[in-house]
Amino acid sequence: MQKKSRDAHKYAVDEFFWLIDNKMKNKDFRQFCQIDSIYSASRMLNNLNLQSHKAGAWTFYTKKKDR
């Protein structure tokens, strides 16, 4: 029996930042989490507690700094 988690992407983002890079693009998130939809990935990333950075046509995300 497989269990499904509504929060699995949150843990996956933490693992991505810990294992791969300190910044993530939508494409990186989709590849890492095996998500097909650009729009679903964008909504998921925007609902996380991440800092978004606009760099020309690209947007990337980093963890927010603790104060």
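**View 1. Ala-41 and the residues around it.** Setting aside neighbours within four places in sequence, Ala-41 is in contact (heavy atoms within 4.5 Å) with Asn-26, Phe-29, Arg-30 and Ile-35. Before going further: this is a predicted model, where local features need pLDDT of at least 70 and side-chain atom pairs count only at pLDDT 80 or more, while totals for chains, interfaces and linings use all residues. Residues are numbered from 1 along each chain as its sequence is written, and side-chain values use heavy atoms, with hydrogens and water left out.

**View 2. Helix H2 against helix H3.** Here residues 26-33 make up helix H2 and residues 38-47 make up helix H3. Helices are DSSP runs of H or I with at least four residues, strands are runs of E with at least two, and numbering starts at the N terminus. The two helices pack at an angle of about 100°, with 10 Å between their axes; the axes are lines fitted to C-alpha atoms over the stretch in contact, and angles run from 0 to 180 degrees between N-to-C directions. That makes H2 roughly perpendicular to H3, a label that covers 65 to 115 degrees (under 35 is roughly parallel, over 145 roughly antiparallel, the rest oblique). On the H2 side, Asn-26, Phe-29 and Arg-30 make the contact, and on the H3 side it's Ile-38, Ala-41, Ser-42, Met-44 and Leu-45. Sorted by class, that contact has 5 nonpolar, 2 polar and 1 charged residues. Nonpolar here takes in Ala, Val, Leu, Ile, Met, Phe, Trp, Tyr, Cys and Pro; charged is Asp, Glu, Lys and Arg; the others, Gly among them, are polar.

**View 3. Asn-26, a buried residue in H2.** Asn-26 sits in helix H2. Its relative accessibility is 16%, so it counts as buried; the cut-offs are under 20% relative accessible area for buried, over 50% for exposed and in between for partly exposed (1.4 Å probe, protein chains only). Which residues does Asn-26 contact, leaving aside its neighbours within four places in sequence? They are Ile-38, Ala-41, Ser-42 and Leu-45.

View 4. Slide along to the loop between H2 and H3, and you'll find Gln-34. Its phi is near 55°, a positive value in a residue other than glycine. Is Gln-34 buried or exposed? With 70% relative accessibility, Gln-34 counts as exposed.

**View 5. The largest nonpolar core.** A nonpolar core is a set of buried Ala, Val, Leu, Ile, Met, Phe, Trp, Tyr and Cys residues joined through side-chain atoms within 4.5 Å. The largest one here has 11 residues: Val-13, Phe-16, Phe-17, Met-24, Phe-29, Ile-35, Ala-41, Leu-45, Leu-48, Leu-50 and Tyr-61. In soluble globular proteins, nonpolar side chains tend to be buried together.

View 6. Glu-15 belongs to helix H1, which covers residues 8-19. At 43% relative accessibility, Glu-15 counts as partly exposed. Not counting residues up to four places away in sequence, Glu-15 touches Ile-20 and Phe-32. Glu-15 and Tyr-61 are 46 residues apart in sequence and 14 Å apart in space, C-alpha to C-alpha.

View 7. 3 strands line up as S1-S3-S2 in an open sheet, and the pairing is antiparallel; two strands pair if DSSP finds at least two bridges between them. Strands S1 (24-25) and S2 (50-55) are at the edges with a single partner strand each, so one side of each has no neighbour in the sheet. S1 is joined to S3 (residues 58-63) by 2 bridges, with Lys-25 partnered by Phe-60 in S3. Phe-60 also has His-53 standing opposite, and S2 is joined to S3 by 6 bridges.

**View 8. The hairpin turn.** S2 and S3 form a hairpin with 2 residues between them. Gly-56 lies in that turn, with a positive phi of about 70°.
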